[in-house]
Amino acid sequence: MGIKFPELEQLERIIEQFGDRAQTQVIERIQYKNLEFPIHCITLGSTEPDVPVLAFFGGVHGLEKIGSEVIMSFMQTICELLDWDGEFVARLEKSRLVFVPLVNPVGVYLGTRSNGNGVDLMRNSPVEGIGTTRLYGGHRISPLLPWYRGDTLKMEKEALALCRVVEQHVFNSPLSIVLDLHSGFGLKDRLWFPYASRKTPYPYIAETLALKELFDRCYRHHVYKIEPMCKEYVINGDLWDYLLNDFVQQFAGERLFLPLTLEMGSWLWLRKNPRNLLSRHGLFHPLLPHRLQRVFRRHFMLFDFLHRSLLYPDQWARLDTGQKSHYENKASRLWYE
Ligand SMILES: [Zn+2]
């Protein structure tokens with residue numbers, strides 16, 4: 001039996017509103033008890049393989065459904081822009097946007113971090129963290145404990161579906177950025193890049209720092225703390241490290257792929273409304289409507305910046321050898337000492 005719940009209904013309304021202006025696809029169907037949950041993928045813009053791609057993923061951790069909601073709110077904005085904003089339409093003719101707002105629909109429906117099998121999808125890949133001993137780093141003890149990695153031999157359907165989307169719609173592009181939206185404890189909104197599994201620079205560290213500096217210069221008062229995820233913690237099974245390793249093996253010198261994670265700081269909501277502590281979603285989700293609206297608005301500037309930076313990459317993605325080693329040295333001092 002097909003399932004209905006508010007976030008899925010909202011997504012299906014948006015898909016309907018896009019109509020033939022978007023390509024939509026059910027990339028997987030997840031069974032939970034006697035219910036069936038679709039995972040939708042929506043793509044907009046050029047279908048040419050050589051255009052830059054910006055992709056959004058949300059709801060990997062079902063409890064952090066704010067990520068899904070931010071993406072859907074952004075999609076709604078785009079849907080309206082397409083009616084009148086010639087510049088935005090022209091931008092889409094030269095680029096592609098990909099959206100999977102509900103990666104873990106069962107988790108969003110149940111309000112759980114893990115999927116219906118008790119697996120934490122962001123611990124589910126075969127990548128082993130270097131030097132991680134904490135439970136939150138991912139374990140195979142029991143699905144009854146949080147951060148369970150799942151089976152050694154096969155990844156979960158939701159994780160595989162995410163990987164397929166990235167391989168099909170992102171890896172074919174010469175230049176791509178992925179943004180995976182989460183929420184977690186903290187006072188700041190964090191923008192993380194790989195690695196999550198080890199405390200060493202990743203192959204695109206120079207481009208990442210150049211992009212960060214461009215962002216810092218253009219939006220001096222932006223709210224993000226930008227750093228490698230391993231600065232915060234090292235984990236097993238990260239899906240983005242897994243996809244990145246795969247990408248580097250296939251396309252190392254010729255293409256560029258930056259998988260970013262936006263971790264929205266939930267203490268921001270808690271401090272302003274302690275009632276959040278008492279609600280099931282509370283720590284991971286702003287409760288008051290005006291605060292929710294503020295979260296939506298807050299990140300659209302970042303999305304827009306990333307989209308434009310993909311269309312005009314000269315300053316950050318086309319570095320010569322000298323610039324590359326300049327940024328690599330600078331990144332080492334900034335993040336890895
Ligand atoms: Zn998360």
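Predicted model: local features only at pLDDT ≥ 70, side-chain atom pairs only at ≥ 80, totals over all residues.
**Stop 1: strand E8**

Start by selecting residues 256-265, which form strand E8. Ten of its ten residues are buried, so the strand is largely enclosed by the rest of the structure. Now look along the strand and follow the side chains. Leu256, Leu258, Leu260, Leu262 and Met264 point one way, while Phe257, Pro259, Thr261, Glu263 and Gly265 point the other way. Both sets are buried.

Strand E5, residues 175-184, pairs with E8 in the parallel sense, over ten bridges. To find your place, look for Ser176, which stands opposite Phe257 in E8. Then show strand E6, residues 189-193, which pairs with E8 in the antiparallel sense over three bridges. Here Trp192 stands opposite Thr261.

**Stop 2: the nonpolar core**

Which residues touch the most other members of the largest nonpolar core? Select Phe57, Phe99, Leu179, Phe257, Phe303 and Trp316 to see them; this core holds 103 residues. In soluble globular proteins, nonpolar side chains tend to be buried together.

Zoom in on Phe57. Leaving aside neighbours within four places in sequence, its contacts include Ile71, Val100, Val103, Leu162 and Val165. Also among them are Leu179, Asp180, Leu181 and Trp240.

**Stop 3: helix H7**

Trp240 is one of the buried residues of helix H7, along with Leu239, Asp241, Leu243, Leu244, Phe247 and Phe251. The helix itself covers residues 239-251. What covers its buried residues includes strand E3 (53-58), H5, E5 and E8. At the start of H7, look for Asp238: one of its side-chain oxygens reaches to within 2.9 Å of the backbone nitrogen of Trp240.

**Stop 4**

Select helix H9, residues 289-311, and find His299 within it. Is His299 buried or exposed? Its relative accessibility is 1%, so it counts as buried; the cut-off for buried is under 20%. Its side chain makes a polar contact of 2.7 Å with the side chain of Tyr224. Beyond its neighbours within four places in sequence, His299 is in contact with Asp189, Tyr224, Leu262 and Met264. You have already met Leu262 and Met264 in E8.

Then move along H9 to His307. His307 is buried too, with a relative accessible area of 4%. What does its side chain meet? A polar contact of 2.9 Å joins the side chains of His307 and Ser95. Once neighbours within four places in sequence are set aside, the contacts of His307 are Leu54, Phe88, Arg91, Leu92, Ser95 and Leu97.

**Stop 5: helix H11**

Select residues 321-335 for helix H11. Its buried residues are Tyr327, Ala331 and Trp335. Seen down the axis of H11, these buried residues fall within an arc of 40°, so they line one face of the helix. An α-helix has 3.6 residues a turn, so residues three or four places apart point the same way.

Turn to the face away from the buried side and you will find the exposed residues Thr321 and Arg333. At the N-terminal end, Asp320 caps H11: a side-chain oxygen lies 3.1 Å from the backbone nitrogen of Gly322.

**Stop 6: backbone details in the loops**

In the loop between E6 and H6, select Tyr195. A cis peptide bond joins Pro194 and Tyr195, with omega at about 0°.

Between strand E1 (22-32) and strand E2 (35-45), pick Lys33. Its phi is near 55°, a positive value in a residue other than glycine. Lys33 counts as exposed, at 70% relative accessibility.

Last, go to the loop between helix H4 (105-110) and helix H5 (157-170) and select Trp147. Trp147 is not a glycine, yet it has a positive phi of about 70°. At 27% relative accessibility, Trp147 counts as partly exposed.

How values were computed: Residues numbered from 1 in each chain as written. Heavy atoms only, no water. Core = buried A, V, L, I, M, F, W, Y, C linked by side-chain atoms within 4.5 Å. Buried < 20%, exposed > 50% of the residue type's maximum accessible area, 1.4 Å probe, protein only. Contact = heavy atoms within 4.5 Å. Helix = DSSP H or I, 4+ residues; strand = E, 2+ residues; numbered from the N terminus. Polar contact = N/O pair within 3.5 Å; in protein donor to acceptor, adjacent residues only side chain to side chain. Pairing = 2+ DSSP bridges. Expected span 1.5 Å × (residues − 1). Arc of directions from axis to C-beta.
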